Amino acid sequence: MEYTVGNIAPIFLAPVLAFIINAFFGRKLPRQGDWLATLSIFVSFVFSARIFSDFVFGKFATDFFIHKTFTWFDLSYGTYIWKVDMGIYIDNMSAIMLLMVSGVATLIHLFSTWYMEHDEKHGRFFIFLPLFTSAMLGLVLSDNLFSLFIFWEIMGFCSYSLIGIYNKKEKAGDASLKAFMTTRVGDVFLLLGIVALWMVIGSVAYVDIYAAIAEGKFTGQAVLGMSFATFTAICIFLGAMGKSAQFPLHVWLPDAMMGPTPGSALIHAATMVTAGVWVSLRMYPLMVLGDITWFIAVIGAITAFGAATIATVQTDIKAVLAYSTLSQLGYMIMGVGVGSYNAAFMHVITHAFFKACLFLSAGSIIHSVHEQEMPKLGGLRKYLPYTHFAMMACTLAIAGIPFFSGFVSKDRILGDALYYGFMAGQNPLLAIVPILGFAGAGLTAFYMFRMMFLTFYGENRTHAHHDDHGHATHGLAKPAHGHDDHHHEIHHEHLDLRSNVPLLILSVFTLGFWFCGTVTGQEFGKVFGKKTEWFKVLVEAPKVERFVNHAREPFGGIDLRDKTELPHAHYHHQSGYAGPNPDDHKLHSAHTIGALASIVIAFSGVFLAFLMYIQHTLKPWATKLPGLTTLLQNKYYFDNFYIDIIIKKGLLGLNRGLAWFDLGVYDRFAVDGWASVNRVLFKSSKWFDNVVVDAIGVDGTGVAVNLFNLVLRILQSGKIQFYFIMLIMVLASYIWTVNI
Amino acid sequence: MTPANFDGLMPVVIFMGLAVALFVGGHFASVLLAPKKPSHLKSTPYECGEQPVGSAWSMFNVRFYVVGLIFIIFDVESVLMFPVAAIFRELNDMGHGGYALIVFLSFISILIEGIAYCWKKGDLDWVKSFQVSTKNNK
Amino acid sequence: MMGLASYLIISLILFVIGITVMIARKNIVAILLGIELVLNAAALNFVAYSRFATNNLDGHIFSLFIIVVAAAEAAVGLAIVIRFFQIKETIHVDEATTLRN
Amino acid sequence: MNQTVVSYLSQYEFYDVLLAAFGKNEGLLAFAIYLLGGVIIVGLCATIGGLGTFAERKISADIQQRLGPNRVGPYGILQFLADGVKMMTKEDVMPFTADKMLFYLAPMLALVGVFATLAVLPFSSGLMMADLNVGIFYLIAISSLVGVSVFLGGYASNSKWSMLGGMRGASQIISYEIPVTISILAVTLLAGGMSFGTIMSHQRGLPTNWFIFHNPFAFIAGFVYFIGALAETNRAPFDLPEAESELVSGYHTEYTGMRFGFFALAEYIEVFVVCGVGAALFLGGSNLPFDISFDIIPLQLLEVVIFMSKALALYYVVIWIRWTFPRLRVDQLMAICWKYLTPIAIFNLIGCAVWVVVFNGKSIAELIFGH
Amino acid sequence: MFAQFLFISSALLTLGGAVAVLVTKNIMHSCIYLLASLIGIAGLYATLGADFVAVTQIMVYVGGVVILMLFAVMLTGGKDFVSRAQNLLGLAPSMGNRWTFSVGILVALVFLATNIKLILNVSKSIPAKTFGNEFPSTVNQIGHLLVKEHVLAFELSSVLLLGALVGAAIIARPRKQ
């Protein structure tokens, strides 16, 4: 097979072209160029499908990959190698991911042409959507962390634009800013990690990093008291946490639902958020070397469980889906952490299909009913039969019901987590990982079915509440559509290429056997025999040794290994488990136990929801545990913590309590001269009395926050001259220490 | 193109020096020849015989800055165009005339965009000036 | 006497004076003056290296573009200063506190 | 730096004699020659500037059917000397509110900016002081000191008239620098170099080789240059900075005595310089007709005469225009610069570039009459 | 001989102007001293044989930047502003006081020491070239570099300037009240 740049690049370039044309001439095109965007993604899909079929259907050996590079810039001198190569790297994982991204994106574009049809932001939406998709495809095609970072930032920008697309709404603007700022925290760390790797290895290509790991280049380096591998791994994982919305940095994702629903489907469900998982998977050997997999697993578990609990009390249909996305992302990250490399990646794929479908279904509901508060929905089954069908399939999948894709992937992650937590001889405290994982799985089944029951079953409540609340009460994105006088009438759904065929196509891929070839994902009950276990066969953690002295192809050249020379597929079964010292017997039993347990848990979750929302024999939580509900409804007060405590209270408190310090000592210290150390000492006793004692007496946490802020405040004074002094000082100290 | 001598720069410096010398000499002559009878009224700024009110250092229009701004951008662009213009004929003789023309024209076209923008936005109209009174000098 | 080191020293002194101006002054226009000095010091270094260390004129090109960028920077920077003055009626750099907190 | 007066003279025998007299020190000899030449040129130009004031008054008198100055010397021709003496003996008054340093500095900057341009002015092919490789570019650059001096003069006086005149003057000078520069850019493009030597060598022979007749674009460019140069030197009809009916006397309202004299001197010399540059760039400069190539010193002097006559003819046109056309309004001034001259200049530049590529750099005459 | 004279006088003009920028209290005078310093740098370029860069320096700075700065000073009153911000040391004048100067000079000394170390290393490592009293023309070479190797930077600088023009015009344009 001859792979030239010419038949790979269109995957990335076609949407870029669509973006450029739409950005400059979109207004002049018919339908504001939405067909162009859709077509461009379809072109990507066709080219991706070709690669996928080559990689999956046995043309290549399982460890085959394409790697084409060119030198972008080279700062090497002497024995130091500092260069950045740009290039394309496609292995099995990339091939699968490319197909998934382009396929899902095609369907979402198709759906959007219907959904956004009468929206005022139609044109702008179709400017950013192809750019976004191209950035994601480019990220998957990247062969190095640097170009990954570029595409990462382009996606950040696009997501900012798409969240805030209704820029007249203050909430949308706030949400977009929040998403931008929160992910930026992670991005800074990611960049730090990339630069650190670059400084030590001299290159940021994946293959070079793998080779460096195999050659032991990381040993003996230490940064900030930790080994270099740990440092870079943590930095990169923090970046992944920002993008994949993991626990402390998760606050942006639920707010990101301000954008149009198909945009949410593409960005915040199917593709962008998986970029963090993607980089974690790519850098898995580094994570292992840095010994931070336990940290990854814990973060993932906390996110998976915490988000699930919040989702149980949300009433907005998109909020439920948002938190379920968070929760599922937690599972993926947890999968990476517990060494379930294969299943984590499979969950990325399966989740993309069913979550995209869920969001599109939600979009379909919102578009039809103009309502997204679940208490005001209900009984929509007979109006929206196709949507109901698709959404039910996806709900079954995400809830982990056997025979559906979610079961396959999640169950494998949970099985590996079980092994990791209880049987692998790890720290006993890590047992919290599988416990939280299973609890989250049960909650997932519960809240998803709660959503289904409230939306599609029971009596129709859409008319009852209409007069009190207009359809714009909640400020979330709804298409400006139709006339006010009949917007409460629900039209019966017809089969339509753009509105519900995408849903049905996506729902087909909620079936489990596409991904595992077995109905349950376990060793029993195979449908197509061993050879179709393609997922397990193709995806495995990178084996770093084979990248030592790896020869790369020139960028413009043709793959020299033509058809005849290519080794034919020699599939060999592998467990997909990349964690610590797999003990096959225990692993197997963990998987069996996990499968059974998750089936039981999932069904009990469904049953609970059934009792609460169909039979009404159980009262919902909200009435029973008001305190807990309030806590959950306020999302564990995370937003409040960030906004009220850190931002408002901290700074205002500092302004009040330490005003003199800020204006006096700091100003003098930083800008006006280090003149009055004496005076500081003199004043410090007063400061101690007034601030420390009072504050500890009155409000301990406030002081803690204040002290934390004090440091930040000195560094973040906004005084440009102080920044400049710092710059000079750091530069000078660097030059003195590095001894150039 | 022959290697030239630094001494060729001498006239530039000499002429500047002559200017300074003339200035100083003229001043010196003036000091020697001119009468000196200073008085306060004589050294009042001229305002047609009225008492000057306030300092003159406060009246201006932000238009002046905009003109300066457009000027400096064009100035810098023409600076960059000079070496290219100087070798344009040479390139043409070497057979790269079309390439040079494309480079040159694309550069100028962006320059034209700049002036078209300013024209459209009314920055080139003096009268349209909105007379922003800059309150200052408290 | 007219060696590389003397140019480097001159440029360094210029740079240091520019830094001092940037730090010591509170007037935004004065800070811009300091920036101009710093940029010129850098450009001088480029040309000096171009003569003494390399055989091509890339250093000249570099300093040309430094001059270009400095002009653009001055244009935009001074526009910001003027706008700032129209809003705040001062050009004291410590008054630029809107983005604080 | 192709040709200087020193390198020109060094081909003659008396140069070696001089060199021996200076103890074989070429640098010192060069300095002496340059200094001598500089003094001569400055004296010449100062005289021309002074005579300019006289000519202005005399010509205006002719145009207005008056007599003009006629007391000092024959036809009043020594009037300018009398003016100079008067200025030197006038009391030097400075407003007490003025910024003293800048008040002193402003006329000096004007003088420096104008005199420095004289260094590259091509009086003849051999006797020009220095033929810098960046000649014309240097000339544009250094003459922008005049703009600074106008602004400073207006600012330092701390008088409202001066301030307004200074601001107007500075913005007018910098504005009109753009069409002038772009027109010169067109000439640079046609000549393939920035040095005056290169530019002149392309205009040898008959007047059909002059750049103003090179192609239609260059023809227009010549006029754009001339109009822009009028404005750059604050000449009527662009004399708004010193519009006496509006601003008393503009930026030099507060200047008296010798300092006013310096401003006036700088202004008149600058007019001469722009006329000389116009002659050199567009009108063939000091080239003798028919491409005479004997290289003897009298011919050089003849070249000087030719150059001077072209420059002074332009000078006459400048004065003529002043007393013929009414003054523009300030908005018309800016509109003419930015809305007419600059786009036309850019159009000319593009036209010249295309012409060079299409017709391979040949002039219209070459195309018609062949070679 | 003349080259040395040019070098010394340019260096003195440069450094003297820079020092004057530093010590003078009047912003308008600072601008004029900056002008002197920049002309001095143009002289230094000339001694390095960089005639085109030298003239560019004069053209852009003297003709453009300094005039723009003078305009800006005029438009902002040219007065010595005093911060209204509360400050234990009283009000810091806009042209600085002894505290700001002491900090600035301290930082500058740190930087100076650091860079002298660097320069000592550098000047050892670069072989000394000797030059005669001559330099070739740079205009044509710069032209060729601009249209060949650096053509992208050449075109992009045009875009940069367009951006600066549009941006600054938007910022500075007088608003209709």
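1. Helix α16(A) is mostly covered, with 11 of its 15 residues buried. Buried here means that 20 or more other C-beta atoms, placed from the backbone, lie within 10 Å of the residue's own; exposed means 12 or fewer, and partly exposed lies in between. The model is predicted: local features need pLDDT of at least 70, side-chain atom pairs count only at pLDDT 80 or more, and totals for chains, interfaces and linings use all residues. Residues are numbered from 1 along each chain as its sequence is written, while chains are lettered from A and ligands numbered from 1 in the order in which they are written.

2. Helix α16 of chain A spans residues 385-399. From first C-alpha to last, α16(A) reaches 20 Å, close to the 21 Å expected at 1.5 Å a residue; the expected span is 1.5 Å times one less than the number of residues. Helices (H or I, at least four residues) and strands (E, at least two) are DSSP runs, numbered from the N terminus. Just after α16(A), Gly400(A) has a positive phi of about 85°.

3. Which residues of α16(A) are buried? They are Thr387(A), His388(A), Ala390(A), Met391(A), Ala393(A), Cys394(A), Thr395(A), Leu396(A), Ala397(A), Ile398(A) and Ala399(A). The cover over them includes α14 (317-337), α15 (341-369), α17 (405-423), α18 (432-456), α19 (501-508) and α22 (584-615) of chain A.

4. Chain C has three helices and zero strands. Its pattern along the sequence is α-α-α. Of its 101 residues, 71% are buried. Contacts require C-beta atoms, placed from the backbone, within 7 Å. In chain C, 49% of the contacts with a separation of 6 or more join residues 24 or more positions apart.

5. Chain C meets chain E through 58 residues, against 73 residues of chain E. On the chain C side, α1 (4-24), α2 (28-52) and α3 (58-88) each give two or more residues. α3(C) gives the most, with 19 residues. By class, this side has 43 nonpolar, eight polar and seven charged residues. Ala, Val, Leu, Ile, Met, Phe, Trp, Tyr, Cys and Pro count as nonpolar, Asp, Glu, Lys and Arg as charged, and the others, Gly among them, as polar.

6. Chain C also touches chain B: the contact takes seven residues from chain C and 10 residues from chain B. The chain C side divides into five nonpolar, one polar and one charged.

7. Chain D has 15 helices and zero strands. Of its 371 residues, 60% count as buried. Among its contacts between residues at least 6 apart in sequence, 79% join residues at least 24 apart.

Terms used
Contact = placed C-beta atoms within 7 Å.
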